[in-house]
Amino acid sequence: MTVRRARPADAREIAEVHVRTWQAAYRHAFPAEVLDSLSVDDREDLARRLLERWSEVIWVAEAEGRIVGFAAVGPSRTEDDSGELYAIYVLPEAWGTGAASQLMAEAKDWFAEEGYATAMLWVLADNPRARRFYEREGWALDGERKEDEYLGLRVAEVRYRIGL
């Protein structure tokens, strides 16, 4: 497993990771027909635009020459002095391989290098697998909660925070 900075040429594989991970991880939270309709082509366009602007804060994990996961970080969208983990996704067949932990290590290193004392992330409240992972990685609930809309459904999210 290797972790490296993402490049615009990685957009298609990142989109595939994003869609396939959502389809596997959120079967309990979203209707199957909605998840099955997610488009890799649509996500590829979004990934390409993001990579062209912010590839320095997106990492990919590769195994045997193919991307199996990615993570994206940056400044908090809601707080002045905090970093934020925007996304971390790993293909279901790569769960348990250490890919997510390696991506998380890169994210934490970036936060520290940028001088952030804390970082935050939002996760679906009904995502026990991800929440266990974050807690193992040192993140803790901070009590904040919000509702947002994804794929036409209102869902609750909780905020986690980590000191760096």
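Student: In this predicted model, does Glu-113 count as buried or exposed?
Tutor: The relative accessibility of Glu-113 is 63%. The cut-off for exposed is over 50%. Glu-113 therefore counts as exposed.

Student: Is Trp-54 buried, partly exposed or exposed?
Tutor: Trp-54 lies in helix 3, residues 40-54. Its relative accessible area is 39%. Buried means under 20% and exposed over 50%, with partly exposed in between. Trp-54 is therefore partly exposed.

Student: What is the area of the nonpolar surface patch that includes Trp-54?
Tutor: Trp-54 makes this patch together with Leu-46 and Leu-50. The area is about 240 Å².

Student: How many residues of strand 2 are buried?
Tutor: Strand 2 spans residues 58-63 and is mostly covered. Of its six residues, the number buried is five.

Student: How many bridges join strand 2 to strand 3?
Tutor: Strand 2 runs antiparallel to strand 1 (residues 2-5), with four bridges between them, and Thr-2 stands opposite Glu-62. Strand 2 also runs antiparallel to strand 3, residues 66-75. There, Ala-61 stands opposite Gly-69. The number of bridges joining strand 2 to strand 3 is six.

Student: Which residue takes a positive phi in the hairpin of strand 2 and strand 3?
Tutor: The hairpin has two residues between the strands. The phi in question is near 50°, and the residue is Glu-64.

Terms used: Residues numbered from 1 in each chain as written. Predicted model: local features only at pLDDT ≥ 70, side-chain atom pairs only at ≥ 80, totals over all residues. Heavy atoms only, no water. Buried < 20%, exposed > 50% of the residue type's maximum accessible area, 1.4 Å probe, protein only. Patch = residues over 30% accessible without salt bridge, like charges linked within 9 Å, V, L, I, M, F, W, Y side chains within 5 Å. Areas by Shrake-Rupley, 256 points an atom, 1.4 Å probe, with all protein chains shown as cover. Salt bridge = Lys/Arg side-chain N within 4 Å of Asp/Glu carboxyl O. Pairing = 2+ DSSP bridges.
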